Amino acid sequence: MTSAEVTRRRVMGFGLGALAGLPAGCSGDSGPVRRLRLATGPEGGPYNAFGQALARAVAASGHRIEIVPVSTAASVDNLRKLDEGSVELALAMADVAEDAVLGREPFLRPAAATALARVYVNYTHLIVPADGSVNSVTDLAGRPVAAGAAGSGVQVVAERVLRAAGLGGAPATAPAPVPVPASAADERQLGLAASVTALRERSVDALFWSGGVPTPALADLARELTLRFLPLDAHVDPLRDRYGPVYTAVTLPAGVYGLTEPVGTIGVGNYLLARADVPQGVARDLLQVVFDRWRDLLREVTAGARLEPRFAISTGEVRLHPGAVAYYRSVYG
């Protein structure tokens, strides 16, 4: 039995119990418009693009729901906002979401979050100039590396890859300054736009990014500079051993970014999350829009991806919202 089948059976079993308490006719189509704030990411980034597309799709759907995208630093920031109640919905990378619900670093306690769907997979990019001397992760010892914006999921996966390679210093979330070993990479907290500029100007020797394929900003950079994409697939098993199956082996395909051959790397799912107090009917109606309009939602985020319920329910340690269970139960029959 595959992990997806196990997850499906677990979800459906939970769903039968959850649906027993669901009132008949529960729907977001009656009563006042329900306004839901969605924590996305920086303006111009993929989470923000997804959030804007979702807001448009929901507005055109006829459901009495309004989605209000909120610009943030992305995954870590989003989970904190969801937990404190300043937003009702959030996007986050799977590893950060699991850290949040389990109360692992950088979260001080378990966060209040449930999953609506795993919507697509991020590909971890580690990029260096092709004419440079960096050919592997270990070559980054002592070198400046653009390692994601503070509060982002990119920063989390970059730190973990560097630690797995023996190049990690103190976590960016450490409460007090800690001496950085000479062998550690010099991690710079930079968002995607600043990272691209820094690599172009050679003020960093490498750039980490986690996103869809192709990421437009990186595709543009690849047309300006000859780039080398470093393989990261050797780090998948160590990361899975320590953090669980949120990390998977994926491949940047030949042709994208001008690559002449595939490059193995690390995949991380992205979750659409909700507070548990979002009404069940509203969550169900929202998912109906997501699955009806998934092509529009993913067009600006990741090429060639599909959104299917059998994969969407694979949210690991993050339990599904009861409204999501109701939606998937209706799909599976």
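Two strands are taken as paired if DSSP finds at least two bridges between them, and helices (H or I, at least four residues) and strands (E, at least two) are DSSP runs numbered from the N terminus. This is a predicted model, in which local features need pLDDT of at least 70 and side-chain atom pairs count only at pLDDT 80 or more, while totals for chains, interfaces and linings use all residues. Residues are numbered from 1 along each chain as its sequence is written, and side-chain values use heavy atoms, with hydrogens and water left out.

**Strand 4 and its partners**

- Strand 4, which spans residues 114-129, is mostly covered, since 13 of its 16 residues are buried (under 20% relative accessible area, with exposed over 50% and partly exposed in between, for a 1.4 Å probe and protein chains only).
- Strand 10 (residues 263-274) runs antiparallel to strand 4 and is joined to it by eight bridges, with Tyr271 of strand 10 as the bridge partner of Arg118.
- Strand 7 (residues 206-211) is likewise antiparallel to strand 4, through five bridges, and its Ser210 stands opposite Thr124.
- Strand 8 (residues 227-229) is joined to strand 4 by three bridges, again in antiparallel fashion, and Leu227 of strand 8 is the bridge partner of Pro129.

- In helix 7 (residues 216-224), the residues Leu218, Ala219 and Leu221 are buried.
- Seen down the axis of helix 7, its buried residues fall within an arc of 160° (taken from the directions from the helix axis to the C-beta atoms), so they line one face of the helix.
- These buried residues of helix 7 pack against strand 4, strand 7, strand 8 and helix 6 (192-200), where contact means heavy atoms within 4.5 Å.
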